[in-house]
Amino acid sequence: MQDVEHVARLARLELSPEEGERMREQLDRILGYIDKLRQLDTAGVEPTSHAVPMVNVFRDDEPRPCLSPEEMLANAPDRSGEFFRVPRIIED
Amino acid sequence: MRGGAGLSVSNPLTESTAHELVEKFRSGAATPSAATRAYLDRITALDPTVRAYITVTRERALAAASAADERWRTGRPKGPIDGVPTAVKDVLCTKGVRTTCGSKILERFVPPYDATVIERLEAAGAVILGKTNMDEFAMGSSTEHSAFFATRNPWDLSRVPGGSSGGSAAAVGADLAAAAIGSDTGGSIRQPGAFTGTVGLKPTYGRVSRYGLVAFASSLDQVGPLTKDVADAALVLRVIAGHDPLDSTSADVPVPDYAAELSRPIAGLRIGVPKEYFVEGMDPEVERAVREAIEVLQRLGATAEPLSLPTTDFALAAYYLIAPAEASSNLARYDGVKYGSRVASAKDLIDMYSKTRAQGFGAEVKRRIMLGTYALSAGYHEAYYAKAQKVRTLVRRDFEAAFSRVDVIVAPTTPNVPFKLGEKEDPLAMYLNDIFTIPVNLAGLPGLSVRCGFSLASLPIGLQFIGRPFDEATLLRAASAYEQATPWRDRRPSLG
Amino acid sequence: MRSAAKDYETVIGLEVHAQLLTRSKMFCGCPTTFGAAPNSQTCPICQGMPGTLPVINRRAIEFGVRTALAFHCTINPGCRFARKHYYYPDMPKNFQISQYEEPLAEHGWLEVTVDGQERRVGIQRLHLEEDVGKLIHDGPLETARSSLVDFNRSGVPLMETVSEPDIRSPEEAAAYLRAFRAILLYLGVCDGNMEERSLRCDANISLRERGETGFGTKVEIKNMNSFRNVQRALEFEVGRQTEALARGERLVQETRLWDADRGYTRSMRSKEFAHDYRYFPEPDLVPLTMDRARVEEIRAGLPELPADRRQRFMRAYTLPAYDALLLTQSRALADYYEAAVREFARPKIVSNWIMSELLREIPADDEKALAASPVPAKNLAGLLQLIDRGTISGKIAKDVFEKMFRSGEDADTIVTREGLIQVADTGALAAIIEQILAANPKAVLDWKRGKKAAAGALVGHVMKATQGKANPGVVNSLLQEKLSQL
Ligand SMILES: [Zn+2]
């Protein structure tokens, strides 16, 4: 895998240089195995995203009771009043 | 490391299957409270050795049991598992009880809602003993990837119980629960079922609601039972199966009375034996046990024929693109904002995200997030993700063709017997352990593993039945007939 | 600015996001009420808690189909939701459930009128997605130490409509938005409120030399929260780009934010690396197929749309094009007009009164205010009947309308209470005229000498003496009669 740093950034995962190197080696081995898929001719084959085909599943537009803000915020790592709080958004 | 800590906590109640327990409740020979206490005592004595549970919900269990006592006493049980002490994999959300998914990032997460499966179990009177250990976010085949501790195989404490539902499998295998719930994305019920000598059933995709199941790979995940015998699997599946309006992929298909199906003979049943499931490098003891099992089925009146599932060899590769791709998406929400842990100091938001996720996830989860992110990223999407989705179609077609000729496919559950803790350091070697279970998830089919013998080292071996969509009844019937005709069921691990 | 723009042609495409007026959110049962206490309209699903799953709101899909049909789009036989990935704290799952390769509908158009000229603007696609939550920054975003998140809006159904790059001026962009909004309001699928952000617009704008068919460097403009601001921002951008090109500069493809207070756009200099949304089909939802019969049923149930209604107004009420366009700008206004005409069947008079009096009080596109007008259509018709019967004069009627609007009372009540009924009683008027003639001998003499205009002054005196309540027609004929008898 060429761009471990780029992928790690996309995935919001901080990797130390050593971790990045180990990751690259392991992923290369796994991708090497996965490369066997190239042997398989899939021209004209429809992709499957659901094993059991179903269509048109809906719910009716009926409001249901919400949970209380207290219940919804109970797991928050940081909060201010009834809001979740996050650190500064713009990078330093 | 063999054996327990010298304590003798063997008890007829904890040795009973769920259906035997229920018979005792019915006759008044035992009460749910007595059974629950017996299990809790055994957990206290043995779980420090086996390490099946992350959380034991003692008080809740005792309260639920005493309510069940009352129902049995007044002759109004809620159903066929009322009062049965049950363990639940820590991947299912339980209102007010922390749900960790075996991850540091969710170490203190307490859901404000119950998974549909939990609601159904409780509505049927099941007594929930606690939440069981698992590979982090269900990614693994040994339960060594739990962020907290590894679970041991009750048959040999130096070996893994399989994974990712290793805690649930070990709990049932070690008589630390009468029955358990697991989840299976690539074999995570069946493989630990095989490794612990328990019955592990992965239902058809859509048979059991996924609402409240913390997602690993949404198009592959299914919830199912791990039990002491096939009859128990039938009972538990009946309770948890069925349409759920909260899960759009849950099928609106009637749920048969599986237990009633079990007694039907299997004479005339057409069994297919796929040649791709007997590969070079597999343990000869496993192959021998499975071949003998097929002969037993034939003696019971089934016909066996060889068949081919030619895409089998590619299924694992496709799976290791699809499952990580979906996982990378499902796990994006763990970012330190709404729930879960957050790093103490970060200079800005992106820094907080990246550090929180770096510290909160273990190595295997990170590997799969990276792999999945890569497979979906610009420039690679077609070659990896899209290609894998097409291969998935071919895998499905293989099974469709096979099921036009046979009623059920029989194969080994795993190529090997349980391995030692730490034996599979190489991720790819670990992945290869799931080679026989993964195609079933890709095709969305039901699969069941049942004990079919032991290796010379007394390690259990699993026999896998694979069925048509929504035909769990045939799997259960065939597996039950096999179980009844063989002596394997009687052996128990010597833990004390 | 104008003179320089001569060499360049403006190319604009608009992306409009409309919150749908469903009762519950797109994928969960939480209500969509605006303005509730923070994080009080959420549940595990719209907060993206582990284990939760989305289920599609049937009405949201139907609203999408209705709108797509009104925009003359092709409804795709199948559509599907996909996950769009990026990290932002207002988005609980760090992916948005949207539509990508298989949108609900494509290839439509919308009729736009600028300076009396009609043009079709193409619509590329229409799809549905979920809204994100709301962020509140501790000061301006650039310097905020922290931000707060409210997930109430998270999961509200959004309909995104992308126009073709067919718009050729900022005025046309504003006209597109007016027409767009009117259709949504006619359909009842969105409340169209830009201030509350239930209707949002982003623009793509580029310039190219006239005669070119390729496209220039595209700039995306965000943060325009009213039609006026869309037009202002685009006008600013036309000027900025024209000047830059005139100086021989190369434009950069970027996103710029409109600053309404300062009246300019500024570059969103984000260090964020290029987005890679990593779309894939949402595995927690199943595909949708559009049943032809159901689509036709929805088509048949569409209300009359602004363009059709305008034509009908011109035909049925013989209204001038100007009146018809104005009166059909919003559904509530057109409904108001028709309700008034039903009670008072002189269409042009009703139109005049609405345009000059009602629309002085209520903007033509303010559906809510029109529907709740303190002078309902029935009361306006009542007022017009009083004029028609000669009970009050047209001049007094304007004051009465204003009083009706302030008090919510009907015309009769006000006219009776305030004694505004015209004096048309010839006996009473004759007596007053006698007095006026006696008091103004000079005017009478002037009239006798042939200065017929002197009668006007006498009428004025009579009106003054009756505080304007005398019926001017009756006064006139009585006066002529008296004068000729002298
Ligand atoms: Zn909600």
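Buried area is the accessible area (1.4 Å probe) that two parts lose on being put together, summed over both. The views below are of a predicted model, in which local features need pLDDT of at least 70 and side-chain atom pairs count only at pLDDT 80 or more, while totals for chains, interfaces and linings use all residues. Residues are numbered from 1 along each chain as its sequence is written, chains are lettered from A and ligands numbered from 1 in the order in which they are written, and side-chain values use heavy atoms, with hydrogens and water left out.

**View 1. The interface of chain C and chain B.** Chain C and chain B bury about 2,700 Å² between them, and 60% of this lies on carbon and sulfur atoms. On the chain C side, P50(C), L53(C) and Y87(C) lose the most area to chain B, together 22% of what that side buries. Contact (heavy atoms within 4.5 Å) takes in 31 residues of chain C and 39 residues of chain B. One salt bridge (a side-chain nitrogen of Lys or Arg within 4 Å of a carboxyl oxygen of Asp or Glu) is counted between the two chains. D284(C) and R210(B) meet through their side chains in a salt bridge, at 3.0 Å from N to O. By class, the side of chain C that touches chain B has 19 nonpolar, six polar and six charged residues; Ala, Val, Leu, Ile, Met, Phe, Trp, Tyr, Cys and Pro count as nonpolar, Asp, Glu, Lys and Arg as charged, and the others, Gly among them, as polar.

**View 2. The interface of chain B and chain A.** Here 64 residues of chain B are in contact with 52 residues of chain A. The two chains bury about 5,400 Å² between them, 67% of it on carbon and sulfur atoms. Five salt bridges are counted between chain B and chain A; D426(B) and R29(A) form a salt bridge through their side chains, with N to O at 2.4 Å. Helix α14 (382-402) of chain B is among the elements that each supply at least two residues of the side touching chain A, and α14(B) gives the most, with 10 residues. That side of chain B divides into 33 nonpolar, 14 polar and 17 charged residues.

**View 3. The open sheet of chain B.** Helices (H or I, at least four residues) and strands (E, at least two) are DSSP runs, numbered from the N terminus, and two strands pair if DSSP finds at least two bridges between them. Eleven strands make an open sheet with mixed pairing, in the order β1-β3-β2-β4-β6-β5-β10-β11-β9-β7-β8 (chain B). Its edge strands, β1 (53-56) and β8 (303-307) of chain B, each pair on one side only. Strands β2 (residues 85-89) and β4 (residues 179-184) of chain B run parallel and are joined by three bridges; V88(B) has I181(B) as its bridge partner in β4(B).

**View 4. A hairpin in chain C.** Strand β7 (residues 105-114) and strand β8 (residues 117-130) of chain C pair in the antiparallel sense over nine bridges. L110(C) stands opposite V121(C) in β8(C). Two residues lie between the strands of this hairpin, and D115(C) in the turn has a positive phi of about 50°.

**View 5. Two loops of chain B.** G163(B) and S164(B) are joined by a cis peptide bond, with omega about 5°. S164(B) is found in the loop between β3 (127-132) and α6 (166-173) of chain B. In the loop between β10 and β11 of chain B lies S458(B), a residue other than glycine with a positive phi, near 65°.
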